[in-house]
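Please look over the sequence and the structure shown here before reading the notes that follow.

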Amino acid sequence: MIQLKEIDKYIESRFQRIFLLKGIHLEIKEGEFLTLMGPSGAGKSTLLNILGLLDEDYAGDYFFGEKNIRSMKERERSNLHKSEFGYIFQAYHLIDELTVYENIETPLLYRKVPSSERKSIIAELLDRFNMVAKKDLFPAQLSGGQQQLVGIARAIAGRPRVLLADEPTGNLHSAQAKEIMEVFQELHREGTTIIQASHARENAEYGTRLINLLDGKIESDEKI
Amino acid sequence: MWKNDLKIAWRNLLKNRVDSMINLGGLTIGFFAVFLIALYVNFSKSFDKDLPQTEQLYRVNLNSRVSGKEMDKSARTAPAMGMVFKEDLAEVEDFSRLIIMGEVIAGQDDSFVREDQIFITDEAYFEFFDINLTQGSEEGIGQPLQVYLSENISKRIFGDKDPVGQTLDINSTNFDGTVEFQVAGVYQDLPTNRHLRPELMISYATLHHFLGSEIDNSYDWLNQYTYLKLSPGVNIEETTNKLNASLQTHHGDQLNTSGTEWDVDLIAVGDIHNSLAYSGEYNQGVDGRKLTYFVWIGFFVLVMVYLNSMNIATSKAQNRSKEIGVRKVSGSSRMQLIRLFLMESYLSHFIAILIACFLIFGFGDWVNQILGLGLPIDSLQLSHYLGWILSFWVLGSFISGIYPALLLTSFSAHKTIKGESKLSFRQAFGSPLLVVQLVFCLVILAGIMTTYKQIDFMRSRDLGLELDNRIVVRSPMLFVDGSGNYQEKMKATTGALPEVQSIAAANEIPGNEIYWKTEDFHLEGKEKSGVMYSMLSVGEEYFKLFDLKILAGRQFNPIGEGEEAIINQQALAGLGLDNPEDALGKSLISGRGEARIVGVVEDYYQEAVNSPLDPIVLNYSPGDLNYYILKVNSLEEMGNLLQKIESSFQANFPQSPFEYFFLDEFFDKQYKAELQFQKLFALASLVAIFIAVMGIFGVTSQVLLSRLKEVSIRKILGASSSSILMMISKDYFYWLGACFLLGVPLAYFLFTEWLQEFPVRIEIGWWFYTLPILSILLIFFSTALVLTIRTVFVNPAKILKSE
């Protein structure tokens, strides 16, 4: 589904280019649960940003399905971004001014989903994550684990085929982390492609594939 | 979608209560000031413009020159002119004449009013100025001793009685007493935006009754306004030339013999209120240039308000960069985000406009009184301005909302979400904005100082006469008991109180124009010189009471032989004399007879120092005059003193109301226009300072926030607090320097221009260059320094840990 060819990302400094990513070749099939591991600065987040179409400033080719991202028009790219990707962050990044319900609703609004359909999708998600009673609370009133559940609900509300997660459990203690990872596993079983960046080896165990990054290069690529 | 945006905008408003209050407060005060200025300018420009024939109506003005030297540009003309112009020129469809009566007392039985908006008018005036009779008929205007009343005056005098056909006593010095009139009709009250608003109109035939019908052919009696109704679409310049040709034909010979040149010009009736070009206007207008200044002030304030709104939106939105990022990641397009930011701008502007409107229409009268604008706020209708307010809202919110919206949404999602772009906005936007705000602030501060100094200068200038501790009591209503001479009675009773040092009667008091003007005077054996003299009748102790300086001769002597006159230096020059001594004993000849000059008095300001010194001829009158001026010991026990004066007055004139005022306060009223200007400036400066403080607060707190880490690291490396303070403050000096370099020349340019309007004016001195700058420094540092010091003494460990 996703193919990266010779992806380079660098910053120009005075005497040389500093590479954040160098020569990344990567093919990801639909339904994979892939974990990117590596120390700080290895390029995990950078790679995730490129995969998620958030960063367009790189060299090399990125094919999504049959289409080359670079040859797509701005509007097509934005539509692809909207319909195919969901994002989860280490720091949850919920909108503080919105309730749980409204936070989950936001991507649906941007996708122009009709009101009745929106309601049923959100009801279903709230039910699934056992958050029906909390739907009118604001993020600040929730625990970290709960906030991340809302983050996941928001990410999958638009039914994306690919879920990108940048250190999703980084701010959580182990019991909460376990709960999140189990949710990921379940989503994976339902057919969602998941790509997560993580420090923790145990998170990789939930997935099907593990890629180790070091200094912007792929060190190892193994099936689990 | 927009519902969602609105909801978020509303929550944002509620969430950051302090920020919202500051923002809304700034917007509200700003809009309030701007609306008020707009209403005032709009009102001042609306005078006589809604008359049905306003396009065709012009007033004739008279410019007189003596041997090439301009003497006067007067709004007042002679009775013959209108009629002659209509006969000679086809394009003059009709004319109307109006004569000033000055202040009168009018009433019946026990019900009297004082009124100065009373004029003698003719039939055409009804048509020209859209006067609608509700009772009676227009026929009375052609008969002598008929009077028309406004509904307001009719109600005050007659109550619910039917006024038509009733008799009305009018007491005026012009009649030398009381004359009985008959009420011929009642007309609807005139709107406030008329350059003249007659409350009583006396029939023109009354003039013939008193002065004979030959007054219609007079060119000497320059005491009336002449209005012309011209054919639609005529060329004004051509018409003016024809008018002057006509004037030459009929009156040229007479003018030539006296060495005077006359020409007339026309002013559209709709422009009269906004012109100060002519002397002899009855009601004070508002100069068009002054209105332009007001518009500029309003514009300044508006720009400040918008800049500030942008500033707050940008600095607040920075803290929301995470939210912007999340929304972008969730699939929001840039347009949708811009819409969200605009929605917030629209919402806060809406609330601010609502409050500002409420303030204006709710507390209108109060504001009006404080500012002395004379704006008829009660009669303003909100619905009239709905369209304007709506477009103001739509445009203003867009202008002040679009820049932050565009700027903030231009950053890419993965950067904003990490908060990486925090620094860059402020550097790109904040400082220039702050400099602009500071420049405006400086200009307005300089303005308030200049206006204050100028007004203070005019008020404290030596007038040549003393006004302090002078109380003016209006003369008793003359016809109350019909018993002859009140001047003697006043002097013998109220004037004899131990607290009253002296008392003098006069027909006009300083601060009022002397309406009785004539060019009739000349010395025996000489021709009239064309100089316009003011005639003032005074009682015995007038000169002593005002501490006027007699340069030659003596004061009036009540037992002197024949008519005596005292002239001022201007009149002395007008008569062609240089030395005061030369004038003594000479005969001053006029149509009224002959008077011997017994004294020459030093020039003094009858009116405000920004009006010219007029030639004045004073004559002695032992009879009834309009005002009694009392010089009292001191103002310490004023309440007590006034009570004594009042009870003495009431005991002697039981049927007359006791009306008094302090002469210095009365004189100061002439500076109304300047005071108004100053007050408006004060309002603007309040807004400017408020906004500047918020701007300084916003910018410095953002800059400091962005340098918190740098400060922490420097501290760990051993920097002292003072060196850090120096380092941070360096930026401030760049801003302030830029502000002074731009602001001081701008202010200098603007206010030297403003001062040109005053014949006597202050010099722009050291204070102009230093005081505004010092004020700005004070404002700036009292705001910025608090914030800066807080940063300097921050605990570095805490900051760095959270990174």
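A residue counts as buried if 20 or more other C-beta atoms lie within 10 Å of its own, with the C-beta atoms placed from the backbone. In this predicted model, helix 9 of chain B is mostly covered, since 8 of its 9 residues are buried. For chain B as a whole, buried residues make up 39% of the 803 residues.

**Helix 9 of chain B**

- The buried residues of helix 9 of chain B are Ser321(B), Glu323(B), Ile324(B), Gly325(B), Val326(B), Arg327(B), Lys328(B) and Val329(B).
- Just after helix 9 of chain B comes Gly331(B), which takes a positive phi of about 110°.
- Helix 9 (321-329) is also among the elements that give two or more residues to the side of chain B that touches chain A, together with helix 1 (2-15) and helix 13 (413-418) of chain B.

**The contact between the chains**

- Chain B puts 19 residues into the contact, while chain A puts in 16 residues.
- On the side of chain B that touches chain A, the residues divide by class into 6 nonpolar, 8 polar and 5 charged.

**Chain B as a whole**

- Chain B contains 24 helices and 25 strands, and its C-alpha trace spans about 105 × 55 × 55 Å along its principal axes.
- Among the contacts in chain B with a separation of 6 or more, 82% are between residues 24 or more positions apart.
- The domain assignment divides chain B into domain 1 (1-47 + 289-420), domain 2 (68-258), domain 3 (421-462 + 672-803) and domain 4 (478-656).
- The centres of domain 1 of chain B and domain 2 of chain B, taken over C-alpha atoms, are separated by 50 Å, and 4 residues of domain 1 of chain B are in contact with 4 residues of domain 2 of chain B.
- On the side of domain 1 of chain B that touches domain 2 of chain B, there are 3 nonpolar residues, 1 polar residue and no charged ones.

**A helix pair in chain B**

- Helix 22 (residues 721-755) of chain B packs against helix 23 (residues 766-792) of chain B at an angle of about 155°, and their axes lie 10 Å apart.
- Because angles over 145 degrees count as roughly antiparallel, helix 22 of chain B and helix 23 of chain B are roughly antiparallel to each other.
- Helix 22 of chain B makes this contact through residues including Ile724(B), Ile728(B), Tyr732(B) and Phe740(B), and helix 23 of chain B through residues including Ile773(B), Leu777(B), Phe780(B) and Ala784(B).
- The contact of helix 22 of chain B with helix 23 of chain B has 17 nonpolar, 3 polar and no charged residues.

**A helix pair in chain A**

- Helix 5 (residues 144-157) of chain A and helix 6 (residues 174-189) of chain A pack at an angle of about 20°, with 9 Å between their axes.
- Because angles under 35 degrees count as roughly parallel, helix 5 of chain A and helix 6 of chain A are roughly parallel to each other.
- The contact involves Gly144(A), Gly145(A), Gln148(A), Ile152(A) and Ile156(A) of helix 5 of chain A, which meet Gln176(A), Glu179(A), Ile180(A), Val183(A) and Leu187(A) of helix 6 of chain A.
- By class, the contact of helix 5 of chain A with helix 6 of chain A has 5 nonpolar, 4 polar and 1 charged residues.
- Helix 5 of chain A passes helix 6 of chain A in a right-handed crossing.

Conventions: Residues numbered from 1 in each chain as written. Chains lettered and ligands numbered in written order. Predicted model: local features only at pLDDT ≥ 70, side-chain atom pairs only at ≥ 80, totals over all residues. Axes fitted to C-alpha atoms, helices over the stretch in contact; angles between N-to-C directions. Helix = DSSP H or I, 4+ residues; strand = E, 2+ residues; numbered from the N terminus. Parallel < 35°, antiparallel > 145°, perpendicular 65-115°, else oblique. Contact = placed C-beta atoms within 7 Å. Nonpolar A, V, L, I, M, F, W, Y, C, P; charged D, E, K, R; others polar. Domains from an automatic or database assignment. Buried ≥ 20, exposed ≤ 12 C-beta atoms within 10 Å, placed from the backbone. Left-handed = near helix turned anticlockwise from the far one by under 90°.
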